[in-house]
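Work through the exercises below with the sequence and the structure open. Try each task before reading its solution.

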Amino acid sequence: ASMFFVVVYLHMLRGLFYGSYRKPRELVWIFGVAIFLCLMGEAFFGYLLPWGQMSYWGAQVIVNLFSAIPFIGPELSLWIRGDYVVSDATLNRFFAFHVIAIPLVLIGLVVAHIIALHEVGSNNPDGVEIKQGPKDKHGHPVDGIPFHPYYSVHDIVGVAGFLIVFAAIIFFGPEMGGYFLEYNNFIPADPLKTPPHIAPVWYFTPFYTMLRATTSDFTWVLAAGALLAAVALFAKGKLSGIWRLAVPGILVVVAILLKVLDAKFWGVVSMGGAVVILFFLPWLDHSPVKSIRYRPNWHKVLYGIFIVNFLILGWLGTQPVSPTATLIGQIGTVIYLAFFLAMPVWSRLGTFKQVPDRVTFRAH
């Protein structure tokens, strides 16, 4: 599961670098993010099945988060568990989701992802649309290459390299210092003994940090940010018609609700929103070029800050709660959300390099 998420995160990062979510590949990206969400669900449901201490208490904590939803929360968490506590009923339904329901959805999404990709063609590091370039006498793009033998061999090399690392971890260090397999999960589940520090597996920890960082004090910061965004949008006049009043109005309502509703609820919203915002990436990026190769150098610095920040958020999620860790988590949460929410502005700023008409290749 951990190595699966390593590959998925690297795949998404490459898509982010080279603008693989941009037109005409919006549908490919949306299916990809949907696959990511399903994988998170698959991992969560499967994590309960070993019935260890972290499995049990992790499920208890995550299911209890749903109780923070106003009005329907307590009943919803009870419905998900199938009991007042995590029990045999929960184990049975999580097993069914893990083994049958979500894998079927995943298969459908993977097929849709590949069909959508086949329709528009793969992206490349230059961000050049080869289907719009020169074609040979058979109508094939000159810069296109057949999948076999070029990419079949290319992928076999990648898979072989991955399997060497994978086998080394499986046979020599499956726990990976407690990040892949936690010590507490080798202890059978005990409803009467809570572990001193409950943390999810590393691939959930960046989002778990955002959940923990959203305290009642932090909601003041988020409310202030929403109000400033509302004022800026109205003053700039970038929006026209009904949207000029509607969008700032919604932001003002959000700012008020941030102080009215419980901080725990907003923690769940920030954790979920951090993933859901990825769906809107094709429309948030207003850069005139796709690939990072032809963007200003300071754009590359921003991407670097985003990656380092994400890794720090991930590490913080494995650590016990402390005032310092909470403060760093709050700063990291703001950086993560600001990267995407401010993208319509910063993505079009700076001097962009000229994109070539055809794919460039330098042997290495």
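**Exercise 1.** In which helix is Pro149 found?

Solution. Pro149 is found in helix α6, residues 147-172. Helices are DSSP runs of H or I with at least four residues, numbered from the N terminus. The model is predicted: local features need pLDDT of at least 70, side-chain atom pairs count only at pLDDT 80 or more, and totals for chains, interfaces and linings use all residues. Residues are numbered from 1 along each chain as its sequence is written, and side-chain values use heavy atoms, with hydrogens and water left out.

His148 and Pro149 are joined by a cis peptide bond, with omega about 10°. Another cis bond runs from Lys23 to Pro24, where omega is near 10°. Pro24 sits in the loop between α1 (2-18) and α2.

**Exercise 2.** Is Phe71 buried or exposed?

Solution. Start with the cut-offs: buried means under 20% relative accessible area, exposed over 50%, and partly exposed in between (1.4 Å probe, protein chains only). Phe71 has a relative accessible area of 82%, so it is exposed. Its place is the loop between α3 and α4 (73-81). Phe71 also has a positive phi of about 70°, although it is not a glycine.

Now apply the cut-offs to Met176. Its relative accessibility is 38%, so Met176 counts as partly exposed. Met176 lies in the loop between α6 and α7, and its phi, near 50°, is again positive in a residue other than glycine.

**Exercise 3.** Why does Gln53 count as buried, and which residues is it in contact with?

Solution. Second, check the area: Gln53 counts as buried because its relative accessibility is 4%. Third, list contacts (heavy atoms within 4.5 Å). Neighbours within four places in sequence aside, the partners of Gln53 include Asn184, Asn185, Ile187 and Pro188.

Ile292, in the loop between α11 and α12, can be treated in the same way. With a relative accessible area of 12%, Ile292 is buried. Leaving aside neighbours within four places in sequence, Ile292 is in contact with Phe17, Tyr18, Lys300 and Tyr303.

**Exercise 4.** How many residues does α13 have, and how far does it reach from its first C-alpha to its last?

Solution. α13 has 19 residues and reaches 27 Å. The expected span is 1.5 Å times one less than the number of residues. For α13 that gives 27 Å, and the computed reach is close to it.

Then find its buried residues. Among them are Ala325, Gly329, Tyr336 and Phe340. The buried residues of α13 pack against several helices, including α7 (205-213), α8 (216-236) and α10 (263-276).

**Exercise 5.** How many residues does the largest nonpolar core have?

Solution. A nonpolar core is a set of buried Ala, Val, Leu, Ile, Met, Phe, Trp, Tyr and Cys residues joined through side-chain atoms within 4.5 Å. The largest one has 55 residues, and those with the most contacts inside it are Phe5, Phe36, Phe94, Phe207, Tyr336 and Phe340. Helix α2 (residues 26-47) gives the most to this core, with twelve residues. A second, separate core has seven residues, including Phe265 and Trp266.

Notes
Helix = DSSP H or I, 4+ residues; strand = E, 2+ residues; numbered from the N terminus.
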